[in-house]
Amino acid sequence: MHTVRDVGATVREARVRRRLTQAVLAARAGVSREWLVRLEQGHPRLEMQLVLDTFAALDLTLTAAESEPADPSYEARWDTVFGGLTERPPEDD
């Protein structure tokens with residue numbers, strides 16, 4: 001998963017696979033149905049603990065893993081834009 005839309009789609013797919021309504025899942029996760037709708041739609045500003053509670057209610061585990069950038073020039077661009085922010089200028093003697 002790379003975006004909040006991916007997270008929402010994952011929740012929705014798991015809910016549908018388990019044949020749960022939004023109301024039932026919301027009750028199990030301790031959130032409102034309206035909040036769950038926003039999660040499934042990929043709303044960018046939702047409380048992380050509630051997202052994790054929803055994953056737990058679906059018996060899902062969220063795992064972080066390193067991945068290669070989709071664009072090989074991504075790292076080079078990152079270094080070009082932000083590289084100077086982490087380097088200290090030489091000190092005068």
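Which residues does L25 touch, not counting residues up to four places away in sequence? In this predicted model, the list comprises V11, R15, L20, L36, T54, A57 and L58.

The protein chain has 5 helices and 0 strands, and from the N terminus on its elements run α-α-α-α-α. Of its 93 residues, 25% count as buried. Among contacts between residues at least 6 apart in sequence, 51% join residues at least 24 apart.

The largest nonpolar core holds 16 residues, and V11, L25, L36, L39 and V51 are the members that touch the most others. Two or more residues of this core come from each of α1, α2 (22-29), α3 and α4. In soluble globular proteins, nonpolar side chains tend to be buried together.

Helix α1 (residues 4-17) packs against helix α3 (residues 33-40) at an angle of about 120 degrees, and the two axes are 7 Å apart. On the α1 side the contact is made by V7, G8, A9, V11, R12 and R15, while α3 contributes L36, L39 and E40. By residue type, the contact divides into 5 nonpolar, 1 polar and 3 charged residues.

A search of the whole structure finds 1 salt bridge. This salt bridge joins R15 and E40, with the closest N and O atoms 2.6 Å apart. Because R15 lies in helix α1 and E40 in helix α3, the pair ties together parts that are 25 residues apart in sequence. Side chains of opposite charge can pair when their charged atoms come close.

The side chain of R15 reaches the backbone oxygen of L20 at 2.9 Å. The side chain of E40 makes a polar contact with the side chain of Q22, also listed at 2.9 Å. Leaving aside neighbours within four places in sequence, R15 is in contact with L20, T21, Q22, L25, L36, E40 and L58. With the corresponding neighbours left aside, E40 is in contact with G8, A9, V11, R12, R15 and Q22.

Elsewhere in helix α3 sits R38, which is partly exposed with a relative accessible area of 33%. R38 and G8 are 30 residues apart in sequence, and their C-alpha atoms are 8.2 Å apart in space. Beyond its neighbours within four places in sequence, R38 is in contact with H43 and L46.

L62 is placed in the loop between α4 (48-57) and α5 (74-86). L62 counts as partly exposed, at 41% relative accessibility. Apart from neighbours within four places in sequence, L62 is in contact with M1, M48, L52 and F55. The C-alpha atoms of L62 and V7 are separated by 9.7 Å, although these residues are 55 residues apart along the chain.

Which backbone angle sets R19 and D59 apart for comment? Phi of R19 is near 55 degrees, a positive value in a residue other than glycine. For D59, likewise not a glycine, phi is positive and near 60 degrees. R19 is found in the loop between α1 and α2, whereas D59 lies in the loop between α4 and α5. R19 counts as exposed at 76% relative accessibility, and D59 is exposed with a relative accessible area of 67%.

Key: Residues are numbered from 1 along each chain as its sequence is written. This is a predicted model: local features need pLDDT of at least 70, side-chain atom pairs count only at pLDDT 80 or more; totals for chains, interfaces and linings use all residues. Side-chain values use heavy atoms; hydrogens and water are left out. Helices (H or I, at least four residues) and strands (E, at least two) are DSSP runs, numbered from the N terminus. Buried means under 20% relative accessible area, exposed over 50%, partly exposed in between (1.4 Å probe, protein chains only). Contact means heavy atoms within 4.5 Å. Axes are lines fitted to C-alpha atoms, for helices over the stretch in contact, and angles run from 0 to 180 degrees between N-to-C directions. Ala, Val, Leu, Ile, Met, Phe, Trp, Tyr, Cys and Pro count as nonpolar, Asp, Glu, Lys and Arg as charged, and the others, Gly among them, as polar. A salt bridge is a side-chain nitrogen of Lys or Arg within 4 Å of a carboxyl oxygen of Asp or Glu. A nonpolar core is a set of buried Ala, Val, Leu, Ile, Met, Phe, Trp, Tyr and Cys residues joined through side-chain atoms within 4.5 Å. A polar contact is a pair of N or O atoms within 3.5 Å; within protein, one must be able to donate a hydrogen and the other to accept it, and residues adjacent in sequence count only if both atoms are side-chain atoms.
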